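Please keep the structure on the screen in view while I talk.

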Amino acid sequence: MAGHSEVLLRPKTTEEVSQIIKYCDEHNLAVCPQGGNTGMVGGSVPVFDEIILSTSLMNQVITFDSISGILTCQAGCVLENLSQYLDEKDFIMPLDLGAKGSCHIGGNVATNAGGLRLLRYGSLRGTVLGLEVVLADGRVLNCLATLRKDNTGYDLKQIFIGSEGTLGVITAVSILCPRKPKAINVAFLGCNSFQHLLETFQCCKVMLGEILSAFEFLDASCMKLLEKHLKLSNPIGECEFYIVIETAGSNATHDDEKLHNFLEEVMMSSLVTDGTVATEAAKIKALWSLRLRVSEALTHDGYTYKYDISLPVEKIYDLVKDMRGHLGDMAKNVVGYGHVGDGNLHLDITSTGKDPALQAAIEPYVYEWTSKWKGSISAEHGLRLR
């Protein structure tokens, strides 16, 4: 999505943000808050010549408490930089995204981003402990608490999490960070039906329990695009579906035993037809890239229509199959991938170019289908509120 603005402002402090917003309010000037510009719905794009308020220079860590694991930082801190900062202190961010090298923590909070670790650590509504926000008239609301328990009144920060900058500009965040796991394993597995994938997920939750960190999937069409456009290699045999499972714990021997027993169970029961396991950082990164780079592969396939859907887990892939049948030859590719652990499907549809007829066939079909099964049309990407 293209935008236009004649003015870009890059404040360094909350006070500067407050002065800017107050001036704009008094002179009836529209403002477009902008973080890392990695959002999927165009919320940071100025489409009415708004003044861009960028948080890119608000990139300082304010405090970190190594006892409680609570990090307080400015909203413009890049997620990956925070992860590296915490890694040196033996902690991790509770949030991990494919766009971590560019996205800002303030934008993550403003869109209530989900990501790869939600299955293990929950959503930002639980891990964010406090916010500092500049309101529409320039007043500063300081709810930058570092308390895990506080029942003295309304939890005001919650109305700003997921508000996409419409109620105020987030300028600082305090967030609870877990300890860095001592042992990490990644398994890349193949299944020949989505039902087998779901049964593998059920078995995974039972047998891996507290060490299960992520359970992601991609379909065969995604794998073909990864091979074709990014020249990535499939580490196992061809399958209809692929799963990325990550375990994270404190005892390598204990975790290895649990993972071995799980893999033996799903292989012996023919739920999984092939697989490989990584324990070394380089191989772990290579296996994760097969899931994280799907979106990149799709950009090389043509114009992409992207949908971020929450559904009952058992219905996730039915939408992909029904959409393929509904569109027929109109689309180049219809693929499904995403976060099985929290019922989040990324449905992507490609064509050779922007096609109004194709879009008219997709919408409102995708929304009506989702509504029929009591799902959500935006699981984690937001709605581009204005």
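This is a predicted model: local features need pLDDT of at least 70, side-chain atom pairs count only at pLDDT 80 or more; totals for chains, interfaces and linings use all residues.

Let me begin with what covers the buried residues of helix α2, which includes β4 (61-65), β5 (70-74) and α3 (105-110); contact here means heavy atoms within 4.5 Å, and buried means under 20% relative accessible area, with a 1.4 Å probe and protein chains only. Residues are numbered from 1 along each chain as its sequence is written, and side-chain values use heavy atoms, with hydrogens and water left out. Helices (H or I, at least four residues) and strands (E, at least two) are DSSP runs, numbered from the N terminus.

In α2, which spans residues 79-87, the buried residues are L79, L82 and L86. Seen down the helix axis they fall within an arc of 60°, so they line one face of α2, the arc being that of the directions from the axis to the C-beta atoms. As a reminder, an α-helix has 3.6 residues a turn, so residues three or four places apart point the same way.

Now to the sheets, where two strands pair if DSSP finds at least two bridges between them. Strand β1 is joined to β3 (residues 51-54) by 2 bridges, and L9 has L53 as its bridge partner in β3.

Another open sheet has 7 strands, antiparallel in pairing, in the order β12-β9-β11-β10-β14-β15-β13. Its twist averages 15° from one strand to the next, where angles run from 0 to 180 degrees between N-to-C directions and axes are lines fitted to C-alpha atoms, for helices over the stretch in contact. Within this sheet, β10 (residues 212-219) and β14 (residues 333-339) pair over 3 bridges, and F217 stands opposite G338 in β14.

Finally, which residues make the contact between helices α11 and α13? The axes of α11 (residues 316-327) and α13 (residues 365-372) come within 11 Å and cross at roughly 145°, and the contact involves D318, L319, D322, M323 and H326 of α11 together with Y365, V366, W369 and T370 of α13.

Conventions:
Buried means under 20% relative accessible area, exposed over 50%, partly exposed in between (1.4 Å probe, protein chains only).
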